[in-house]
Amino acid sequence: LLDTRYRVEIPGGINLEAQVVGPIPRFFAFAIDLAIRGLVIFVLSLLSIPFGSFGLGGGFFLIFLFVIEWLYPVLFEVFMRGQTPGKKILGISVVNDDLSPVTLGTSMVRNLLRTVDFLPLFYLVGLVSMLSNRRFQRLGDMAAGTLVISVPESAKPTAMKNIPPLAPATSLLRSEQSSIVEFLQRSQQLSEPRQRELASILEGVTHDKTDNGVEQLQRIGAWFLGVR
Amino acid sequence: MKQQIFEHQHQAVWQQIEASLEKPAEGDNSKILAEHYMLLCQHLAIAKERLYDTALVERLNNLVLGVYRELYRYRAETRLNIYAFFKRDFPLAIYRHRYFILLSFLVMVLPGLIAGAWTYLDEDAIYSVLDGSQVRQLERMYDPQARKLGREREADTDIFMFGFYIKNNISVAFRCFAGGMVIGIGTLLVLFFNGMFMGSIAGHLTRLDYVDTFYPFVVGHGSFELTAIVFSGAAGLRLGYSILNPGQLSRLDALREAGRDVVPMLYGIVLMLVIAAFLEAFWSSSTSLSIEVKYTVGAVLWALVLLYSFSGRRHESR
């Protein structure tokens, strides 16, 4: 089973979870960044021409070229909470492996080692490396101790229909209770037949052989949520 | 406690935090976040323990993650201590990497000396390292006759060369470092070939007796540049060695530790190469200064760099 959850115990004594991100979103983020970088370099090269290609303009152009080539990801990751523009669009972010934001040092290491991940052509080494460990780390990530996680969107609590609660006929274990609550929470995402299929397994709880099983279960779920 | 009651009780706090996380730009919200951080941790722990549903646990998890990321965010004003870096961190990092630096030095200098001796003794040897047009260009650059006739370079050209050296030299140093990931082989190759090129050029120009143009030119910036390249080699070799010989740690942990250790070296390398590029573009290139001045300043620079490089030992805790 491919589990992309990454757990880490943080100060505060609890386990925090995040989803690590695989090669494909990272590829798109990189492509967007590449386009931005290309565009900036193009504009700068035009701007530098009037100031002398082998003089003032050329000198500053080369310095900018260096900065964009090597430090573009570093500067964005450090000052924009782990996100280059491409990563921001894709909703992913670089973090240290304790899920704290990347620092200057770790970001430098992971981005300088990009050169090796790029070998022999177009990130082949990086891809193989990402696919051979559970955290999707390329070599630079391993040396820096960084991960790329998806930035959780602030989850708005899903509005729940008003369901009249129903006390269950039998006493249930807590894990069973929470399964029923999950069923209620997710019923919008499940198709009707699938809901009926799942509910039919629990006839022993609902004591209902008709199509009302689904509704019964949802009402029991509402009861466990604390609706009275 | 039933989930809904729990949610109802704390809804206001959560919404407040969510709101302040969404608008991080608006002033310093670290106070309110710090105040509620432990409370949120507790809520998450309770929600998990009581098996509240996944949506709530996820929401709390994301809240804690958001606050955590905000609280531990990189803040330049607190993290960057430039004085401590120059006074302690960089020299100490140099001291701790001393064996890698020694190896890096030898891998660059020995091929350089051998290639230099060879091109000094054998007229044609330079052609096995560089091709004909490169040799002619090199000879033109340092020809004492041409130098006397040539006039002082324009300031504009100096700036161009500054940019060129920044881009070129720092890229070489970065690649030299990154080559360490391939169990150090990439680093060794970069050091070896750079040493060989520089050595053979020096040998060839010495044989042609271009001594008075070549050495005064390289002596100044060489202090920072060559040292920085050796350091970048050492940082790369440190990475490679951690993979080859992780000791008590797992290979991954050893590599990660090496990755953290070399960070001050990387900062230092960049700074040294910027200084070197500045010297090379604006100082070394000047033809109006006498050779004596250049050698004197070069000697002072070398002394400073070496003294500084050897100053780290006293910061090592024993």
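Which residue in strand 2 of chain A is the bridge partner of A:Ile10? The partner is A:Ile14. This briefing covers a predicted model, in which local features need pLDDT of at least 70, side-chain atom pairs count only at pLDDT 80 or more, and totals for chains, interfaces and linings use all residues. Residues are numbered from 1 along each chain as its sequence is written, chains are lettered from A and ligands numbered from 1 in the order in which they are written, and side-chain values use heavy atoms, with hydrogens and water left out.

**Strands of chain A**

- Helices (H or I, at least four residues) and strands (E, at least two) are DSSP runs, numbered from the N terminus.
- Strand 1 (residues 5-10) of chain A and strand 2 (residues 14-19) of chain A run antiparallel and are joined by 6 bridges; two strands pair if DSSP finds at least two bridges between them.
- Strand 2 of chain A has a covered face made of A:Ile14, A:Leu16 and A:Ala18, and an uncovered face made of A:Asn15, A:Glu17 and A:Gln19.
- In strand 3 (residues 92-96) of chain A, 5 of 5 residues are buried, where buried means under 20% relative accessible area, exposed over 50%, and partly exposed in between (1.4 Å probe, protein chains only).
- A:Ile92, A:Val94 and A:Asn96 point one way from strand 3 of chain A, while A:Ser93 and A:Val95 point the other way, and all are buried.
- Strand 3 of chain A pairs with strand 4 (residues 146-150) of chain A in the antiparallel sense, over 5 bridges.
- Within that pair, A:Val94 has A:Val148 of strand 4 as its bridge partner.
- Strand 4 of chain A is also mostly covered, with 4 of its 5 residues buried.

**A buried arginine**

- A:Arg110 lies in helix 4 (residues 104-112) of chain A.
- A:Arg110 has a relative accessible area of 1%, so A:Arg110 counts as buried.
- The side chain of A:Arg110 makes a polar contact with the side chain of A:Thr146 (3.4 Å).
- A polar contact is a pair of N or O atoms within 3.5 Å; within protein, one must be able to donate a hydrogen and the other to accept it, and residues adjacent in sequence count only if both atoms are side-chain atoms.
- Leaving aside neighbours within four places in sequence, the residues in contact with A:Arg110 include A:Glu77, A:Val94, A:Asp141 and A:Val148; contact means heavy atoms within 4.5 Å.

**Helix 11 of chain B**

- Helix 11 (residues 211-244) of chain B spans only 43 Å between its end C-alpha atoms, whereas a straight helix of 34 residues would span 50 Å at 1.5 Å a residue; the expected span is 1.5 Å times one less than the number of residues.
- This helix has a kink of about 60 degrees, centred on B:Gly222; the bend at a residue is the angle between axes fitted to the seven residues ending there and the seven starting there.
- Because 27 of its 34 residues are buried, helix 11 of chain B is largely enclosed by the rest of the structure.
- B:Leu237 is in helix 11 of chain B, and B:Leu237 is buried, with a relative accessible area of 6%.
- The C-alpha atoms of B:Leu237 and B:Phe177 are separated by 7.7 Å, although these residues are 60 residues apart along the chain.

**Nonpolar cores**

- A nonpolar core is a set of buried Ala, Val, Leu, Ile, Met, Phe, Trp, Tyr and Cys residues joined through side-chain atoms within 4.5 Å.
- The largest nonpolar core has 78 residues, and those touching the most other members are A:Leu113, B:Phe177, B:Met181, B:Phe231, B:Met265 and B:Ile269.
- Helix 11 of chain B gives the most to this core, with 12 residues.
- A second, separate core of 30 residues includes A:Leu99, A:Phe136, B:Leu33 and B:Val64.

**Positive phi angles**

- Most residues other than glycine have a negative phi.
- A:Leu99, in the loop between strand 3 and helix 4 of chain A, has a positive phi near 70 degrees.
- A:Leu99 is buried, with a relative accessible area of 0%.
- A:Tyr123 is not a glycine but has a positive phi of about 60 degrees, and A:Tyr123 is found in the loop between helix 5 (114-118) and helix 6 (124-131) of chain A.
- A:Tyr123 counts as buried at 15% relative accessibility.
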